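Here is a short briefing on how side chains pack in one protein model. Keep the structure open and find each residue as you read.

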Amino acid sequence: MESQGAAQWSSIIVPSVQEMVKEKMVTTVPPRYVRPDQDKTEVTDGSGLNTEIPIIDMKRLCSSTTMDSEVEKLDFACKEWGFFQLVNHGLDPSFLDKIKLEIQGFFNLPMEEKKKFWQQPNEIEGFGQAFVVSDDQKLDWADMFYHIVQPIEARKPHLFPKLPLPFRLAKEWIEVQPSKAMCPTHTYTQRQPVPDTIVCCTDAAWHNQDKRAGCGWVFKNETGSIMEQGSYSEPLVASTLMAEAIAVRQALVHAQSLLFTKICIQSDNQVLINALLSKKSPMEIYGIYLDIESLSSVFNSIQFVFIPGTLNFMADGLTKSALCISHSLLV
């Protein structure tokens, strides 16, 4: 069953269209990319034909009073068009322009760099084309880069960490941006304290001017002995609360990699802890909250506890160090 599932999502590796054109390997479009048997689609203005691209309103999609009608529009767009325009999503237009530029730069990387991200055997993620199952199959006259970014545990280790820094940071920035139109309450299961729990102190330092954050975490056993500690710097962070939430997320990622099953997250940010314990996500950290919720589900036991800053000095030192190193690298 496992091998069949892998084959279902695999794709035969094909040449890069962009490189074929760039290196002048072809003078005309090869027959494999031509579809004479397919009707051409004409999009005209003022003809009276229904040629407008479907527009989906995120606010209407998330409203209980308009959700049903908007879901019908979404269903039609997916079945009849295969794409749609999304409005009222809460992302700044200037930021979307930046994303487009980063994607263009990514596709314009030298071929040697692109090879690091090319599809691997029995994989669909990476540069290439999707669902190519035969050497005679017709192909699109285009290159594609496909990869999964959510949930974070599904990311391919040979793809996401190696992405060019500006593109990777832009994608991370999208993930932590809450949309005002998306404000449903998501919950995690709060469990009672149990023996053999690993305590993790987390903290974050935030620099308002360049919007960077330093995150730190310290893992301790029941006797208080340090087992593991780490730090991390994150750019494009909008607030202190977001920085603190990112620190918790990173700590949970590391706790999972260390195979901890019972963990108690301690933070000196009362607002964050109250948000987690009340099972309500502030819009400001909605995207990160979803990550925390997802990561929390893998542990047998998890707690979120507020502690005074005086008891969190070790994690605090790690955060300031990470922020200083990050700032010095920028300078």
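Which residues of the largest nonpolar core touch the most other members? They are Phe 219, Leu 252, Ile 263 and Phe 304, in a core of 32 residues. Keep in mind that this is a predicted model. In soluble globular proteins, nonpolar side chains tend to be buried together.

**The largest core**

- Helix 8 gives the largest share of this core, with ten residues.
- Four strands are among the elements that give two or more residues: strand 5 (198-207), strand 6, strand 8 and strand 9 (301-306).
- Helix 8, helix 9 (270-277) and helix 10 (286-296) also give two or more residues each.
- Ile 263 shows how such a residue is surrounded. Leaving aside neighbours within four places in sequence, Ile 263 is in contact with Phe 219 and Leu 252, among others.
- Other contacts of Ile 263 include Thr 197, Ile 198, Cys 200 and Ala 255. Phe 299, Ser 301, Ile 302 and Gln 303 are also in contact with Ile 263.

**Aromatic pairs**

- The whole structure holds eleven aromatic pairs.
- Take Phe 219 and Phe 260, whose ring centres are 5.4 Å apart. Their planes are at 65 degrees, so the pair is edge-to-face: the cut-off for that label is over 60.
- This pair links distant parts of the chain, 41 residues apart. Phe 219 is in strand 6 (residues 212-220). Phe 260 is in the loop between helix 8 (240-257) and strand 8 (262-267).
- Both Phe 219 and Phe 260 are buried.

- A second, separate core has seven residues, including Phe 117, Trp 118, Phe 127 and Leu 163.
- Phe 117, Trp 118 and Phe 127 also belong to one aromatic cluster, together with Phe 106, Phe 107 and Phe 145.
- Lys 114 lies over the face of Phe 127, at 5.6 Å from the ring centre.

**Two loop residues with positive phi**

- Leu 259 is not a glycine, yet its phi is positive, near 65 degrees. Leu 259 is in the loop between helix 8 and strand 8.
- Is Leu 259 buried or exposed? Its relative accessibility is 71%, so Leu 259 counts as exposed: the cut-off is over 50%.
- Lys 279 is not a glycine either, and has a positive phi of about 60 degrees. Lys 279 is in the loop between helix 9 and helix 10.
- Lys 279 has a relative accessible area of 32%, so Lys 279 is partly exposed.

Technical notes: Residues numbered from 1 in each chain as written. Predicted model: local features only at pLDDT ≥ 70, side-chain atom pairs only at ≥ 80, totals over all residues. Heavy atoms only, no water. Phe/Tyr/Trp six-rings, centres within 6.5 Å; stacked < 30°, edge-to-face > 60°. Buried < 20%, exposed > 50% of the residue type's maximum accessible area, 1.4 Å probe, protein only. Lys NZ or Arg CZ within 6 Å of the ring centre and 35° of its normal. Core = buried A, V, L, I, M, F, W, Y, C linked by side-chain atoms within 4.5 Å. Contact = heavy atoms within 4.5 Å.
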